[in-house]
Amino acid sequence: MSTAESTTGFGRALHTFQRAAQFVPAYRDFLAIHDVDPRSVRTPADFDRVPAVTKENYLKRYPLDMLTWNGEIGRATMWSTSSGSSGRPTYWPRDLVSAEESIDLHGRIFRQSFHSHYRSTLVVIAFAMGNWIGAGYTQAAVTALATRGHRVSVITPGIDVATILDNIERLAPLYDQVVLVGYPPFVKDVLDQAPREVLAADIKVLLAGETITEEWRDYVLGRIRKRGNPEHSCLIYGTADMGMVGHETPTTIAIRRAARQNSAIHEQIFGDAQAPPTFVEYDPNYRYTEIDENGYLLFSADTVVPLIRYRINDQGTVYSAAELSELLRRTGYERPMYTSNDAVGFLSLHRRTDISTTFYALDIYPENIRGALEHTALSGKVSGKFVLSSRSDDRFEQTLDLQVELQNGQCPSTELAEQIRKLVIESLDTTNTEYHKLHQTIGDRAEPEVTLHEFRSKRFQHSIKHRWNGVGA
């Protein structure tokens, strides 16, 4: 049985469900297949029994137009893509409702963390330009903030480091501050290459795409001369299909950092997580959030493709503000807890389970690697099992690490490792559009290091379900 930690936002989620059951052709059919009478769903307990939708059981089973209101694809005002598990882009439409929510949420970030309602702010959007959600989604929202009392100007250099640095060096002196927006490892790359003239600006950072550690935050804060001011950074939790789900605030950052030093706080808020996970404020009126019996997050959202109890294979925990306040009180935590409004809750993202690893904020799927290992040139040489992970050194430089199991009787060799490396790079470039763009941008730093292991070595778990990522391996 799934649970919603708070019924705040349920009214809108129920209204979206009832409308979708009537006016979305695909969802009407989905409910009929599962023998769900939408008229019987009235309470959170009733809603709890509605089957969750996933990419596999819903989104991939119906044509795109059938997934939209009245089958009218023209409701979409903007499209974006994610690379998907096979590398073929998955298309996600957005409408004016999504745009308004994004503007509101970005407005909360820019008011709380960057005070752009009274400080002139140059926003440098260093997400990859193109079909991907990051750049266009952020640009549209932040540009709209200029009409709502924020003193913001936007420039979109993409992921060209030299252009980003030139933008900041030449324009930053005209503004009170700069907000550099991008994927965490790429933002770090930019700041590591920044000359003294760039670092002299008052720089803040807005991040999205993958989790960060507090040690990583401290490193980046040191680069921008903000040690002791973690609130000058903000991480967004979002996905291509859902848009922004939640975002850090000065309060969530303070709690996460306190959990590093106080085991009672860590245990109460984050349970048995080895390190404090991504921890954000979210608005249940925009993303009504439940947890199913296996710990997966279920989201309900009113978008051009309405999603009802949608499982994206992220696991986590949600709290209402009152619940979080009570848990903190038990630990003796005394700092004030500020929220954007009375409705918000808090979300702890423990793990993402449907990807092999995250590297430079892009998702790499097992299929992206498996195709290379199934190449005829490797027939009889590899077992097909691998473990992929991303590791960071003491300067937080990321390296893509690929451990490959050999076929029984095969021995590791430098020549075979290099052959596999080249095939994997070719497969990644071909099947993962985001990796291809990253590879073009940062060159051999995007290429994996390959280590070979003999058959049934300790590095590999031989069980019914192989774990492709390095977590727990």
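Visitor: Hi! What should I know about the model before we start?
Guide: The model is predicted, so local features need pLDDT of at least 70 and side-chain atom pairs count only at pLDDT 80 or more, while totals for chains, interfaces and linings use all residues. Residues are numbered from 1 along each chain as its sequence is written, and side-chain values use heavy atoms, with hydrogens and water left out.

Visitor: And how are helices and strands picked?
Guide: They are DSSP runs, H or I of at least four residues for helices and E of at least two for strands, numbered from the N terminus.

Visitor: Great. How many residues of H8 are buried?
Guide: Nine of its ten residues are buried, and H8 is mostly covered. Here buried means under 20% relative accessible area, exposed means over 50%, and partly exposed is in between, with a 1.4 Å probe and protein chains only.

Visitor: Which ones are they?
Guide: The buried residues are Pro184, Pro185, Phe186, Val187, Lys188, Asp189, Val190, Leu191 and Asp192.

Visitor: At what angle do H8 and H10 pack?
Guide: Helix H8 (residues 184-193) and helix H10 (residues 214-223) pack at about 30 degrees, and their axes are 10 Å apart. That makes H8 roughly parallel to H10. For the cut-offs, under 35 degrees is roughly parallel, over 145 roughly antiparallel, 65 to 115 roughly perpendicular, and the rest oblique. The axes are lines fitted to C-alpha atoms, for helices over the stretch in contact, and angles run from 0 to 180 degrees between N-to-C directions.

Visitor: Is that crossing left-handed or right-handed?
Guide: H8 passes H10 in a left-handed crossing. A crossing is left-handed if the near helix is turned anticlockwise from the far one by less than a right angle, and right-handed if clockwise.

Visitor: Which residues meet there?
Guide: From H8 there are Pro184, Pro185, Lys188, Leu191 and Asp192, and they meet Trp216, Tyr219, Val220 and Arg223 of H10. Contact means heavy atoms within 4.5 Å. By class, this contact of H8 with H10 has six nonpolar, no polar and three charged residues. Nonpolar covers Ala, Val, Leu, Ile, Met, Phe, Trp, Tyr, Cys and Pro, charged covers Asp, Glu, Lys and Arg, and the others, Gly among them, are polar.

Visitor: What about H10 and H11?
Guide: H10 and helix H11 (residues 250-261) pack at an angle of about 115 degrees, with axes 11 Å apart. Glu214, Glu215, Arg217 and Asp218 of H10 make the contact with Ile253, Arg256, Arg257 and Arg260 of H11. By class, that contact has one nonpolar, no polar and seven charged residues.

Visitor: Nice. And how do H1 and H2 sit?
Guide: Helix H1 (residues 10-23) and H2 pack at about 95 degrees, with their axes 6 Å apart. That makes H1 roughly perpendicular to H2. Phe17, Ala20, Ala21, Gln22 and Phe23 of H1 touch Pro25, Tyr27, Arg28 and Leu31 of H2. The classes in this contact are seven nonpolar, one polar and one charged.

Visitor: Switching topic: which residues of H14 are buried?
Guide: In helix H14 (residues 366-373), Pro366, Asn368, Ile369, Ala372 and Leu373 are buried. They cover an arc of only 165 degrees around the axis, which puts them on the same side of H14. The arc is that of the directions from the helix axis to the C-beta atoms.

Visitor: What do they pack against?
Guide: The buried residues of H14 pack against strand S15 (362-364), strand S16 (382-392), strand S17 (398-406) and helix H15 (414-431).

Visitor: And glutamate 367?
Guide: Glutamate 367 is also found in helix H14. Glutamate 367 is partly exposed, with a relative accessible area of 38%.

Visitor: Last one: what does threonine 303 touch?
Guide: Leaving aside neighbours within four places in sequence, threonine 303 is in contact with Trp69, Asp95 and Ser98. Threonine 303 counts as buried, at 8% relative accessibility.
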